[in-house]
Amino acid sequence: REAYMELAGKIVYTGMIDEYYNYCYGELEYRSLKFETEVLDMGNYQGNAVVNYTDYEVPYTRIIEHKHFEFGTQPKTVITREYPAAWEKGKEPYYPVNDPKNSELFDKYERRALEEKNVIFGGRLGMYRYMDMDQVIEEALTEAHMSLEEMTAIAVTYGPGLVGALLVGVATAKALAFASGKPLIAVHHIEGHVSANFIENPDLEPPFMCLIVSGGHTHLVIVKDYGEFEILGRTRDDAAGEAFDKVARSVGLGYPGGPKVDKAAKEGNPHAIEFPRAKVGDNPYDFSFSGLKSAVLNYINHAKMMGEEIHVPDLAASFQNAVVEVLVSRTIEAAKQHGYKRVAIAGGVASNSALRAAMQEACDEAHIRFYHPSPIFCTDNAAMIGCAAYYEYKKGARAGWDLNAVPNLKLGER
């Protein structure tokens with residue numbers, strides 16, 4: 001909690017409320033999900049993107065057919081079945097369990113939360129209840145001390161991301177824009193992360209170099225203009241955030257991996273274990289983290305087989321050092337080669353303290369101005385989407401009523 005309070009004067013916390021208070025009253029129960037993906041040798045499976053199943057005999061709750069979000073005509077189709085799953089520490093919690101036992105326990109946490117002056121608990125994990133969109137919007141407007149009539153436009157993320165969340169957001173935004181007569185602005189999720197840099201840095205204007213590092217994306221780009229990018233490099237396999245999550249899970253640090261590894265690494269020696277730094281031969285600005293991830297897992301397995309103790313802080317620090325070194329060196333080299341004197345970082349991993357410190361040091365040495373959002377604006381947030389939408393609105397961009405969720409939307413696509 002102390003680390004959160006150092007980030008800003010007021011915190012909106014949407015994680016597990018019992019974890020926030022270090023489970024002081026006991027552990028709440030949650031429900032998780034399991035996903036199974038299958039490639040079918042047919043042109044179409046179910047005719048639309050999502051079909052929900054409520055029959056007791058059917059083990060899964062929905063089937064997602066991905067091609068209907070891309071309007072594809074491929075000869076094969078990819079489907080994902082979503083199953084309910086028991087939750088335990090280390091797994092991602094999706095839903096609360098609102099039975100009498102858990103509700104009684106949550107009441108204790110809620111009473112304590114109401115005493116907080118600078119923390120707002122939100123979402124179904126922070127408030128331990130299911131949220132309807134009208135309630136979410138009403139609470140957001142109340143907290144902002146604004147009305148819908150005062151809004152200029154309605155902005156929404158339409159991709160990339162988890163299809164369920166995107167669908168809910170797009171449908172709600174279209175309905176809200178239609179009912180209020182406000183223009184609808186479609187925002188690319190990753191462009192939103194880049195735009196987070198503009199919130200606190202009014203002097204930052206394109207063009208500049210930007211490293212985008214998140215759970216699903218690692219890109220090195222030139223921001224040529226607002227919403228206009230030239231991609232210099234990208235990951236060939238795992239994104240940096242994925243590698244953090246997998247390594248954290250393998251040593252029992254839990255999810256999300258980024259902040260857990262960052263915290264553990266502060267107590268470790270970054271040079272205790274020499275892990276590999278991959279180079280991609282045909283593009284000096286591309287990234288590859290699967291080899292590093294495998295090296296860490298092999299180290300763990302070998303230690304277990306030999307009965308050797310694994311010092312988690314040293315492992316975390318050494319792994320993090322390998323990731324950070326690659327990210328920083330590629331970024332600085334690209335900035336030098338292309339003649340840019342301004343470098344920014346964006347995405348969830350951009351809140352990593354080691355990355356921020358190393359990038360600052362490297363930029364100082366190269367006489368490059370370094371920009372970064374506050375950690376609270378690095379993870380997914382509405383402010384960055386609103387900021388990106390502002391520039392889209394100024395350019396005259398408007399979305400139609402046929403706007404759809406695009407879970408695999410690529411950077412630079414519209």
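Guide: Strand S4 (residues 62-65) pairs with S5 in the antiparallel sense over four bridges; two strands count as paired if DSSP finds at least two bridges between them. Helices (H or I, at least four residues) and strands (E, at least two) are DSSP runs, numbered from the N terminus. The model is a predicted one, in which local features need pLDDT of at least 70 and side-chain atom pairs count only at pLDDT 80 or more, while totals for chains, interfaces and linings use all residues. Residues are numbered from 1 along each chain as its sequence is written, and side-chain values use heavy atoms, with hydrogens and water left out.

Arg 62 has Glu 82 as its bridge partner in S5, and Ile 63 stands opposite Arg 81 in S5. S5 (residues 77-86) also pairs with strand S2 (residues 30-40), again in the antiparallel sense, over 10 bridges. Here Tyr 83 of S5 stands opposite Lys 34. These strands belong to an open, antiparallel sheet of five, in the order S3-S4-S5-S2-S6. Its edge strands are S3 (50-52) and S6 (95-96), each of which pairs on one side only.

A second open sheet of five strands runs in the order S12-S11-S10-S13-S14, and its pairing is mixed. Strand S12 (228-234) and strand S14 (369-371) each have a single partner strand, so one side of each is left without a neighbour in the sheet. On average, and with direction ignored, neighbouring strands of this sheet are turned by 25 degrees against each other. Within it, strand S10 (residues 208-213) and strand S11 (residues 218-225) pair in the antiparallel sense over six bridges, and Cys 210 stands opposite Val 221 in S11.

A nonpolar core is a set of buried Ala, Val, Leu, Ile, Met, Phe, Trp, Tyr and Cys residues joined through side-chain atoms within 4.5 Å. This core has 49 residues, and those with the most contacts inside it are Phe 289, Phe 319 and Met 359. H12 gives the most to the core, with 13 residues. Apart from it lies another core, of 17 residues, among them Tyr 21, Ala 113, Phe 121 and Tyr 128.

Two of the contributing helices also pack on each other. The axes (lines fitted to C-alpha atoms, for helices over the stretch in contact; angles run from 0 to 180 degrees between N-to-C directions) of helix H9 (residues 240-250) and helix H10 (residues 257-265) come within 8 Å and cross at roughly 65 degrees. Phe 244, Asp 245 and Ala 248 of H9 make the contact (heavy atoms within 4.5 Å) with Gly 257, Gly 258 and Val 261 of H10.

Lys 101, by contrast, lies in helix H4 (residues 100-113). At 54% relative accessibility, Lys 101 counts as exposed (buried is under 20% relative accessible area, exposed over 50%, partly exposed in between; 1.4 Å probe, protein chains only). The C-alpha atoms of Lys 101 and Asn 321 are separated by 44 Å, the two residues being 220 residues apart along the chain.
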